[in-house]
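Reader: I am new to this structure. Could we go through how to read it, one feature at a time?

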Amino acid sequence: MDNQNITAEHSATAPAEGEALIRVEDLRKSFGQLEVLKGINLSVMPGEVVTIIGASGSGKSTLLRCLNLLETPDSGHVWFHDTDLTADRTNVNALREKIGMVFQGFNLFNNMNVLDNCTLAPVTLKKCSKEEAEKTALRHLESVGLAKFANADVTRLSGGQKQRVAIARALCMNPQIMLFDEPTSALDPEIVGEVLEVMRKLAGEGMTMVVVTHEMAFARTVSDRVVFMDQGVVLEQGSPDKIFGAPEHERTRAFLSRYLDDSEATAGAGA
């Protein structure tokens, strides 16, 4: 992969200084009798990288999917700038154009090549010309190291390549924020790094990001803030140094213990 910068320009109106880009208030979500989110409060500032960690079933992915209403909350509010996404009058589809989403399972269109996957939404939703959309797509594909695969059949790509195409596709909509739902969990361990490197570059260029992940090293080194969820609540949050170095809750310490023990063992082996 080349070292060209990943373009992360923001075309929509930026929030006022000190204003959260996304603000979640008392968010609740149940599936049948199972209460998955139990009154979540969370803010994400412009340019901030927030990682959400926690055990499987803690509500991380459900929270992320509520941020762009892929899951409809039972109650509470999700504010994007000063617009309540949960209000009946809100044009959710228009706002979703400003919120990029990268899924665990890629969600590429297998009947289209790489370039067409990247240009479909800008042409159909933003009414870009085909020429303009292709120029933008090639720029983003180059930034993730895949320009030479523009005309490739997506079914012939590796998992890491597919996920990088998915990131480029999301960037083609010029989003103000990127949501990542465990983007490396479906990948073979040896190709996880190529996706995380793209995400690191994107974060370094100032893209606002919310990342649900089990990659603790990424959370520790790239995040501005780490959110630990447990059984449907935000149990604690803070800087990576605080969460990884001095967690307040026993549940956080228990969750991180294996990672911290592995890190200490690695450090000891290298001494």
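**Reading the model**

Author: The protein chain exposes about 12,500 Å², and carbon and sulfur atoms supply 47% of that area. Bear in mind that this is a predicted model.

Reader: How many helices and strands does the protein chain have?

Author: The protein chain has nine helices and 10 strands.

Reader: What percentage of the residues count as buried?

Author: A residue counts as buried when its relative accessible area is under 20%. Of the 271 residues in the protein chain, 49% count as buried.

Reader: What share of the contacts joins residues 24 or more positions apart?

Author: Contact here means heavy atoms within 4.5 Å. Among contacts in the protein chain with a separation of 6 or more, 68% are between residues 24 or more positions apart.

Reader: Where is methionine 101 found, and which residues does it touch?

Author: Methionine 101 is found in strand β6. Leaving out residues up to four places away in sequence, methionine 101 touches Leu64, Arg65, Asn68, Leu70, Ala170, Leu179 and Asp181. Leucine 179 is 78 residues from methionine 101 along the chain, yet their C-alpha atoms are separated by 4.7 Å.

Reader: Why does methionine 101 count as buried?

Author: Methionine 101 counts as buried because its relative accessibility is 11%, and the cut-off is under 20%.

Reader: How many residues are in the largest nonpolar core, and which have the most contacts inside it?

Author: The largest nonpolar core has 38 residues, and those with the most contacts inside it are Leu141, Val165, Ile167, Met178, Phe180, Met199 and Met209. Two or more residues of this core come from each of α3 (114-124), α4 (130-143), α5, β7 (177-181), α6 (189-204), β8 (208-212) and α7 (216-222). With eight residues, α6 gives the most to this core. Apart from residues up to four places away in sequence, isoleucine 167 touches Val102, Met178, Phe180, Val195, Val198 and Met199. There is also a second, separate core of 30 residues, which includes Leu21, Val50, Val78 and Leu85.

Reader: What lines the largest pocket?

Author: The lining has 19 residues, and Ile99, Met101, Ala121, Leu125 and Met173 lie nearest the centre of the pocket. At least two lining residues are supplied by each of α2 (92-96), β6 (99-102), α3 and α5. The largest share, four residues, comes from α3. By type, the lining divides into 10 nonpolar, six polar and three charged residues.

Notes. Residues numbered from 1 in each chain as written. Predicted model: local features only at pLDDT ≥ 70, side-chain atom pairs only at ≥ 80, totals over all residues. Heavy atoms only, no water. Core = buried A, V, L, I, M, F, W, Y, C linked by side-chain atoms within 4.5 Å. Buried < 20%, exposed > 50% of the residue type's maximum accessible area, 1.4 Å probe, protein only. 1 Å grid on protein atoms, 1.4 Å probe; cavity = no way out; pocket = protein on both sides within 12 Å on 5 of 7 lines; lining within 4 Å. Nonpolar A, V, L, I, M, F, W, Y, C, P; charged D, E, K, R; others polar. Areas by Shrake-Rupley, 256 points an atom, 1.4 Å probe, with all protein chains shown as cover.
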